[in-house]
Amino acid sequence: MSDEGRETMQQELMDLGAWLTEHPKAVRKNLKPIRGSVVLGPGIYYNIGTGMVERIYAPQHMALGSRVFRVKRDPAAPVEEIRRRVLEGK
């Protein structure tokens with residue numbers, strides 16, 4: 001994929017994060033919250049604190065007090081699939 005394609009994908013994820021920030025009811029209705037002190041596995045997550053949708057490719061510890069929702073378990077999922085999951089749920 002070209003660098004321009006990656007930049008477009010990042011912008012789409014940023015736009016989706018901004019939309020989620022403006023529609024918190026959709027987050028709670030359609031996404032699974034991650035609770036407690038856990039290690040995040042590879043996947044796509046929405047962080048309420050930062051308002052960002054992020055792709056995580058390697059396991060990471062969550063920051064204490066962060067509120068994170070799992071969008072998909074596949075970090076390489078296309079943006080359209082991510083958007084559909086966020087807007088429609090399962």
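Colleague: What share of the 90 residues in the protein is buried?

Modeller: Buried residues make up 34% of the 90. Keep in mind that this is a predicted model.

Colleague: Noted. How many helices and strands are there?

Modeller: The protein has 3 helices and 6 strands. Along the sequence the pattern reads α-α-β-β-β-β-β-β-α.

Colleague: And what part of the contacts with a separation of 6 or more comes from residues 24 or more positions apart?

Modeller: Such pairs account for 54% of those contacts.

Colleague: Let's go inside. How many residues are in the largest nonpolar core?

Modeller: The largest nonpolar core holds 13 residues. Among those with the most contacts inside it are Leu20, Leu31, Tyr46 and Val53. Val71, Ile82 and Val86 are also in that group.

Colleague: Which elements give two or more residues to this core?

Modeller: Helix 1 (3-22), strand 3 (43-47), strand 6 (68-72) and helix 3 (79-88) do. Helix 1 gives the largest share, with 3 residues.

Colleague: What else lies apart from that core?

Modeller: There is another core, of 6 residues. Ile34, Leu40, Met62 and Val68 are among them.

Colleague: Back to Leu31. What does Leu31 touch, not counting residues up to four places away in sequence?

Modeller: With those left out, Leu31 touches Ala26, Tyr46, Phe69, Arg70, Val71, Arg85 and Val86.

Colleague: Now strand 3. How many of its residues are buried?

Modeller: 5 of its 5 residues are buried, so strand 3 is mostly covered.

Colleague: Which residues sit on which side of strand 3?

Modeller: Gly43, Tyr45 and Asn47 are on one side. Ile44 and Tyr46 are on the other. Both faces are covered. As a rule, side chains in a regular strand alternate between the two faces of the sheet.

Colleague: Take Ile44. Why is Ile44 called buried?

Modeller: Its relative accessible area is 0%. Buried means under 20%, so Ile44 qualifies.

Colleague: What does Ile44 touch, leaving out residues up to four places away in sequence?

Modeller: On that count, Ile44 touches several residues, including Val53, Glu54, Arg55, Phe69, Val71 and Ile82. Asp74, Pro75 and Ala77 are also among its contacts.

Colleague: How far apart in space are Ile44 and Ile56?

Modeller: They are 6.1 Å apart, C-alpha to C-alpha. In sequence they are 12 residues apart.

Colleague: And Tyr45, buried or exposed?

Modeller: Tyr45 is buried, with a relative accessible area of 2%. Leaving aside neighbours within four places in sequence, its contacts include Ile34, Leu40, Met52, Ile56 and Val68. The C-alpha atoms of Tyr45 and Lys32 are separated by 9.6 Å.

Colleague: On to pairing. How many bridges join strand 3 to strand 4?

Modeller: 5 bridges join strand 3 to strand 4 (residues 52-56), and the two run antiparallel. The partner of Tyr45 in strand 4 is Glu54. Ile44 has Arg55 as its bridge partner there.

Colleague: What about the hairpin of strand 3 and strand 4?

Modeller: That hairpin has 4 residues between the strands. Gly51 takes a positive phi near 70° in it.

Colleague: How does strand 3 pair with strand 6?

Modeller: Strand 3 and strand 6 pair in the antiparallel sense over 4 bridges. Tyr45 stands opposite Arg70 in strand 6. Asn47 stands opposite Val68.

Colleague: Where does strand 1 come in? Over how many bridges does strand 1 pair with strand 6?

Modeller: Over 3 bridges, in the antiparallel sense. Pro33 has Phe69 in strand 6 as its bridge partner.

Colleague: Why is strand 6 described as largely enclosed?

Modeller: Because 4 of its 5 residues are buried, strand 6 is largely enclosed by the rest of the structure.

Colleague: Last topic. What is the volume of the largest pocket?

Modeller: The largest pocket has a volume of about 270 Å³. It is lined by 17 residues. Ile34, Arg35, Met62, Ser66 and Arg67 are the closest to its centre.

Colleague: Which strands each supply at least two residues of that lining?

Modeller: Strand 1 (32-34) and strand 6 each do.

Colleague: How do the lining residues divide into nonpolar, polar and charged?

Modeller: The lining of the largest pocket has 9 nonpolar, 5 polar and 3 charged residues.

Methods: Residues numbered from 1 in each chain as written. Predicted model: local features only at pLDDT ≥ 70, side-chain atom pairs only at ≥ 80, totals over all residues. Heavy atoms only, no water. Core = buried A, V, L, I, M, F, W, Y, C linked by side-chain atoms within 4.5 Å. Buried < 20%, exposed > 50% of the residue type's maximum accessible area, 1.4 Å probe, protein only. Contact = heavy atoms within 4.5 Å. 1 Å grid on protein atoms, 1.4 Å probe; cavity = no way out; pocket = protein on both sides within 12 Å on 5 of 7 lines; lining within 4 Å. Points joined across faces, edges and corners; volume = space filled by probe spheres on them. Nonpolar A, V, L, I, M, F, W, Y, C, P; charged D, E, K, R; others polar. Pairing = 2+ DSSP bridges.
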